[in-house]
Amino acid sequence: MSEIKDLKPTCVWRNFDALTQVPRPSGHLDKVHQFLLDFAKRAGVEAYVDKAKNVVMKKPATKGMENRKTVILQAHMDMVPQKAPESKHNFETDPIETWIDGEWVKAKNTTLGADNGMGVAAILAVMEDKNLKHGPIEGLITADEETGMFGANDLPEGELDGDILMNLDSETWGKFVIGSAGGVDITAELDYKEVPTDATDKAVKVTLSGLRGGHSGLEIHEGRGNANKLMVRLVHEAICELDARLATWHGGNMRNAIPFKAEVVLTLPKENIPALQEMVADWKEEFIQEYKDIESGIELTAEEVETPATQVPEAIQDNLIDAIYACHNGVMRMIPSIPTVVETSSNLAIIDIESGKASFKILARSSNESMKAYIGETLQSCFNMAGMKVTFSGSYGGWDPNPDSEVLDLLMKLYKEQNNEEGIVQVDHAGLECSIILGKYPHLDVVSFGPTIRSPHTSTERCLISTVEPFWNLLKKVLEEVPTK
């Protein structure tokens, strides 16, 4: 059976294969730091970890090309740790198990890490290539992009000397991104004093699973099911009709991933359990019908569990359920001038209610700063009415398009020569680090591109093999033809 390190071009796939063997979930980057520093030493290029925990590599120009503009190649080292329910994978210790499925490279029941491991692998391939002709190159491999773009946010000013930034974190081959949305993390919290569960009540755990999940920027417009927003409909009805009470709620695990699973524990009179089981069956059929053209694996189950000693106070419970129901989720507005691209959205990503603490976490995105503020205020107002404390963090601005980009023109020219077709220029709703880096280095000429990756942030993430070689060939060609200073 073929291994991914044997795919073409081997210089990229071999480096990606090596990267998959290094655990690198966001927030746990010591091992990948050492991997990258060891690689640079072997390749004979300068490398260091900066104060923001980014890895910076620098490769001097090949002879005769010292007068070319300096190019920064940029990607992020961390990956989203999502796995299928049956997976026992430990992202902090275990390598990713990859396999070839026809045209695609996939992982076994986990995220693949092609987002953004393919970009990192391409940077490493450039750094070790002794035959490639190029001007001065800087590799910027940023830390913790997936959890708040911390590496880009804390990037020191004056550290880089580049004139051009090529971000390698786009996920459709043939599309060249020149703008992206900004975003902000919104957290709503409430502390409460638990109350005793009625001694005669029983408990049922309701589990909603099998949704596709997905990237809350790239796939938010597809209308995929959000496990938290679906679950609240059943919980609300159970409270109203069956005297149920909420004990715990756990749904979602990443701000930038559409939640594909949610679990709640409800307490209720024993005689109402059959009615709850029937209600669960009815809602399962309702959800399947509503999402028949989008979701194919919806599961909704109920099982009796040990009755918890305490539960959420009734008034607090009702306020929290109202807030979940009222919380905006999904697309708010498309870009008026580009109606095929999402402008503003939010993702009710994580809900945790247990042990006297309720916490909701949302990532709101917009390419319009006033609309980003508006959706933030909308969500804050919703949660304030439930008595929750709302905080904003990790805010980053959008990346304003520059249609007169010199490097974009060069890439479009070379892409057409290579593929006998025009490339597509677009603005993405997904956040890229380009806007933050531009804030520190405003003179940069910036574009983003990469091979085709589908379903990032899910256990079905995959990379289209046939797009990696042309991506690599274009990257090499543009480095050879970078204009002079």
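Analyst: On a 1 Å grid over the protein atoms alone, a cavity is a set of points where a 1.4 Å probe fits but cannot get out, and its lining residues have an atom within 4 Å of a point. Points are joined across faces, edges and corners, and volume is the space filled by probe spheres set on them. The model is predicted, so local features need pLDDT of at least 70 and side-chain atom pairs pLDDT 80 or more, while totals for chains, interfaces and linings use all residues. Residues are numbered from 1 along each chain as its sequence is written, and side-chain values use heavy atoms, without hydrogens and water.

Three cavities of 30 Å³ or more are counted. The largest cavity has a volume of about 260 Å³. Its lining comprises 24 residues, with Glu145, Glu146, Met149, Arg365 and Gly431 nearest the centre. Six of the lining residues are nonpolar, nine polar and nine charged (Ala, Val, Leu, Ile, Met, Phe, Trp, Tyr, Cys and Pro count as nonpolar; Asp, Glu, Lys and Arg as charged; the others, Gly among them, as polar). The largest cavity lies between domain 1 (10-180 + 399-481) and domain 2 (183-396), because both give residues to its lining; the bounds come from an automatic or database domain assignment.

The second largest cavity has a volume of about 50 Å³. Among the residues that line the second largest cavity are Leu19, Pro23, Met79, His89, Phe91 and Asp94. By class, this second lining has seven nonpolar, two polar and two charged residues.

Methods:
On a 1 Å grid over the protein atoms alone, a cavity is a set of points where a 1.4 Å probe fits but cannot get out, and a pocket is an open set with protein on both sides within 12 Å along at least five of seven lines; lining residues have an atom within 4 Å of a point.
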